[in-house]
Structure formats: C-alpha cells, structure tokens
Amino acid sequence: MALDIHRLCLLASVSIDMQWIPRDLNIIADDISKFVDLDDYSINDRVFYSLDELWGPHTCDRFACHYNAKLPKFNTRFYQPGTSGFSLEVSSLMDKLRSTVLASRAHGTSLNYTRIFNRWRSFATEVLGIVAVFPVEPIHCALFLQYLLDSTKSVSTINCAFYAFKWLHDLAGVGSPTSHPTVVAVKEGAIRLSSCPVKHRKEPLEAEHLRQLMERTDMNDLLQLRNLVMFVLAFSGFLRFSELSLIRAKDIKFSNGFISVFIEKSKADQLREGQSVVIAESGSSLCPVTLLKLYMNSSHLSLDSGEYIFRPISASNSCKRLVSVNKPISYSTYRQSFKKYFRDIVPDITNFSTHSAKSGGATGRWASVSAKNTYIKDSLASRLDVSKSLSL
C-alpha cells in the first residue's frame with residue numbers, strides 16, 4: 001500500500017511530509033493496528049481446490065483477510081487492501097445509506113448527477129490527465145464547464161454540472177469549487193452564451209376548442225368519452241400527462257358542487273406530500289364533474305378501487321371496455337389521440353402539444369415552501385373560483 005501511495009503521489013505531483021502523531025490523539029487507529037484475530041483460521045489450499053472442482057467455480061471468499069483469501073474477490077471483517085467489502089451488516093447498511101442519500105433528490109436528478117459526474121471523470125482522466133477526480137479543483141471545474149459549453153451549448157447541462165458538483169462536495173463535507181468566483185463567472189457566462197429565446201412555444205387550448213370536441217363526441221362510445229374526459233380534466237385541473245395518467249379511482253372524491261382529485265406525484269410537489277386538486281361543478285354541458293361521473297359509470301369504475309381510470313380500451317363485438325390489466329394509458333396513445341381529435345378544431349395542430357391542455361400553477365400545487373404557505377391561507381371557495389373562471 002505504501003508503494004501504491006508513493007506512485008499515486010508521483011503521478012499527481014504531490015509531496016508527502018511525515019508527521020508523528022501521539023498515541024493519545026490517534027486512539028482508534030492505534031487500537032486497530034494492535035488487533036489480532038486469534039480465531040483467524042483458513043481451509044487448506046488443496047482441500048479448497050478439491051471442493052471448488054466439485055461445487056465451483058466459486059466467485060467470492062466471504063470470510064477472509066488479505067493473506068488467507070482463496071479467491072481474488074473476498075470480504076473481510078474490517079477494511080483491508082483488496083477487500084471487496086467488509087462486515088456483511090456494514091455492507092448492507094452502506095448500500096442502504098447510498099440509496100437513502102440518492103433519495104434526497106428526485107430520481108431523475110440523481111440519474112443526471114451520476115451521468116454528469118461520470119462525464120467529468122472521463123474528462124479529468126483523458127483530457128486533463130489527472131488521477132484524483134474528487135474533490136474537484138476550481139480551475140478544473142471551470143475548464144469542465146467550458147468544455148460542456150463548447151460541446152453541448154446546453155443551459156440545462158451546464159446547470160446540471162454546476163449543481164451536481166455543489167451537491168457532491170456538500171455531501172462529502174468539503175469545500176465546493178462552485179463557490180469560487182471564477183467558476184461562478186464561467187457558469188453565468190456560459191448560460192448567457194448558450195441561451196436563446198424560445199422560438200416554438202406551443203399554443204394553449206381554449207375552452208371553445210373543448211366545446212367543439214364535445215359536440216363531435218359520441219357519449220355512448222367509451223373510447224371517445226374517455227379521450228374527452230382526459231382533455232377536459234387536464235384543462236380544468238391544470239394537469240400534466242404524468243399526473244393525469246396515474247389517477248386512480250380511489251383518488252377521486254365527489255362532493256357537493258365540486259370534485260377533489262389527489263395527485264400523489266407531481267413535478268411541482270417538491271415537498272413530496274401529494275396535493276389535492278379541486279375542480280368546481282359548472283352545470284354546463286362541458287362540466288368536468290358531470291363528464292367524469294358519466295365516464296366512471298360507463299366504464300364501471302368503483303370509487304374505492306385502486307384501478308387507473310384512464311386505461312387502454314379493448315373492443316370486441318361492437319363492445320368497448322377498459323382492459324382488465326391495471327396499467328395506465330401510454331404517453332404515445334395520449335399524444336396520438338390529442339393530435340387526432342384536435343387536428344380539425346385548432347388552427348394549426350403543429351402549434352399545439354399535449355401540454356397545451358395544462359396551464360400553470362393556479363390550483364395551488366406550488367414549487368416552493370413560501371408559495372405553499374400562501375396556498376394554505378386560501379379558502380376552498382377561492383380555489384374553486386379558479387376552475388369556475390375557465391368558462392367550461
């Protein structure tokens with residue numbers, strides 16, 4: 001190990017200055033260095049090879065140490081050079097700890113941070129020629145951001161790298177290069193240089209578009225009714241497809257004059273508590289509450305079931321019904337239905353997308369704690385006024 005450290009220091013141009021530490025200030029390491037396992041037995045090599053021929057090949061020596069392991073991969077009680085893991089209980093806790101730490105960020109964010117760090121690792125070793133890739137020096141961080149600017153010209157990628165470095169260094173309890181003025185300046189400059197105005201912003205749906213769709217809908221056709229209800233509910237509840245598709249029958253509560261829809265997972269729900277969206281009954285032919293009730297009755301959905309309400313539909317002998325497999329409708333089906341049904345209604349279908357049915361943040365599902373506190377003060381009546389104002 002001493003030779004490995006010496007070689008690593010030579011490669012990284014690092015000099016080591018030796019310093020004696022009194023035993024009283026190094027109690028734990030001193031105790032471990034004097035630990036002798038008197039029960040450290042091992043099987044005879046010839047016996048092991050015979051057993052390996054009978055029931056092998058074996059891949060890991062689970063209870064060993066660096067001098068008596070029978071296989072290249074082995075586990076030890078304490079850390080030793082070459083060990084693949086130490087203490088089954090500690091290894092299990094380490095695996096769980098890793099998962100718990102990653103769960104502190106959204107799954108997609110954790111994946112993006114992992115990808116960007118692997119990209120940094122390749123850049124550091126192949127371009128910069130450095131071995132120690134963590135912690136990241138400010139100059140190396142700045143060079144990496146410049147590399148991302150040149151290769152991707154993507155604001156999201158640059159932001160992802162910046163905040164991934166900050167998060168990882170904060171976790172490790174070491175100073176982050178993202179606090180260095182040069183790195184901050186490079187990040188802000190890269191964002192300015194790579195930013196461009198949105199050229200193809202999609203148009204929002206209007207209530208009149210939905211009204212025309214309803215006039216063309218055969219209410220006795222379950223497929224047409226399902227699609228109409230999906231689009232009306234997305235419009236009146238300001239729902240993304242990812243929220244709409246995961247609604248289960250038990251998430252819906254019909255009350256006097258309105259419905260409440262519980263959204264378990266939402267992009268805007270950073271508190272991860274789940275949010276309830278309330279939609280008022282309008283009394284018109286396009287009323288979201290009336291249409292949803294008609295659809296649930298037509299599809300024989302029970303309000304206390306865990307079934308997804310928007311599922312694929314099968315047809316046989318002129319009879320249409322929801323498939324028995326409890327899986328939500330796919331995004332491709334939702335998108336194709338949107339394009340098909342609104343093609344002859346909106347001026348230019350290419351200017352509309354599935355997101356057109358959703359408007360931002362008026363139902364009280366907020367992306368910050370301060371906004372949530374404002375929402376808590378709102379009465380039910382004021383929240384219902386939002387959907388009443390949509391002219392449905």
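This is a predicted model: local features need pLDDT of at least 70, side-chain atom pairs count only at pLDDT 80 or more; totals for chains, interfaces and linings use all residues.
Now zoom out a bit. Those strands belong to an open sheet of 3 strands, ordered β3-β4-β5, and the pairing is antiparallel. So which strands sit at the edges? Those are β3, at 252-255, and β5, at 275-280, and each of them pairs on one side only. From one strand to the next, the twist averages 20°.

There's a helix on this sheet, too. Helix α12, residues 288-298, lies across β3, β4 and β5, and its direction is at about 120° to β3.

α5 covers residues 107-128 and α6 covers 138-152; their axes come within 11 Å and cross at roughly 105°. Anything from 65 to 115 degrees counts as roughly perpendicular, and so that's what we call α5 and α6 relative to each other.

Who's making the contact? On the α5 side you've got I116, R119, W120, F123 and L128. From α6 come H140, L143, F144, Y147, L148, S151 and T152. And how does that split by class? The contact of α5 with α6 has 8 nonpolar residues, 3 polar and 1 charged.

That's my bit, thanks.

Methods
Residues are numbered from 1 along each chain as its sequence is written. Side-chain values use heavy atoms; hydrogens and water are left out. Axes are lines fitted to C-alpha atoms, for helices over the stretch in contact, and angles run from 0 to 180 degrees between N-to-C directions. Helices (H or I, at least four residues) and strands (E, at least two) are DSSP runs, numbered from the N terminus. Angles under 35 degrees count as roughly parallel, over 145 as roughly antiparallel, 65 to 115 as roughly perpendicular and the rest as oblique. Contact means heavy atoms within 4.5 Å. Ala, Val, Leu, Ile, Met, Phe, Trp, Tyr, Cys and Pro count as nonpolar, Asp, Glu, Lys and Arg as charged, and the others, Gly among them, as polar. Two strands pair if DSSP finds at least two bridges between them.
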